[in-house]
Amino acid sequence: MTTIKVTGINVLALYVTELERSLEFYTQQLGFEKIRDMDPGVLLSAGELTVYMEGGRPVREVTYSQEFSPCLAVDSVKGAYDALSKAGVEMAMKYQEFTPEFAMFIVKDPDGLKVEFAGKP
């Protein structure tokens, strides 16, 4: 049997129902930067993370066991939670501080996909 070794994530692909709505959420609420159009979608970046986003997918019921949930790094998890809460972003899990060095929370994007934030409080 051949075994490979994954060394990282090249591009994270998000397939959404409404491209413009999701693009606004990821750029305006989460601070991603649009790199360029890449027909039929767009390329976004956040730090070292590159995201390809494509719209036009059918609405589907999302269950936690069926999705891939990215966990994003931010300078302050509590600061991000406060800002996104104030902006009215839907929370899937409220802010929790597990240790003085680790906290997390989860939001829902416009399609109901969960996006996690974790790191130093």
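Two strands pair if DSSP finds at least two bridges between them. Strands here are DSSP runs of E, at least two residues long, and helices are runs of H or I, at least four, both numbered from the N terminus.

Now, the model. It is predicted, so to speak: local features need pLDDT of at least 70, side-chain atom pairs count only at pLDDT 80 or more, and totals for chains, interfaces and linings use all residues. Residues are numbered from 1 along each chain as its sequence is written, and side-chain values use heavy atoms, without hydrogens or water.

Start with the sheet. Four strands make an open sheet, ordered E5-E8-E7-E6, with mixed pairing. Its edge strands are E5 (71-72) and E6, each pairing on one side only.

Take E6, residues 91-99. Five bridges tie E6 to E7, residues 102-108, and the two run antiparallel. A two-residue hairpin connects them. Glu97 sits opposite Ala103 in E7.

On to E8, residues 114-119. E7 and E8 are antiparallel too, over six bridges. Here Phe105 faces Phe117 in E8.

Which residues touch the most other members of the largest nonpolar core? Tyr26, Leu30, Leu44, Met53, Phe105, Val107 and Phe117, out of 25. Such a core is a set of buried Ala, Val, Leu, Ile, Met, Phe, Trp, Tyr and Cys residues joined through side-chain atoms within 4.5 Å. Buried means under 20% relative accessible area, with a 1.4 Å probe and protein chains only. Elements supplying at least two core residues each include H1 (19-29), H2 (77-86), E7 and E8.

Last, Leu44. Beyond four places in sequence, its contacts (heavy atoms within 4.5 Å) include Leu23, Tyr26, Phe32, Val51 and Met53.

Terms used
Buried means under 20% relative accessible area, exposed over 50%, partly exposed in between (1.4 Å probe, protein chains only).
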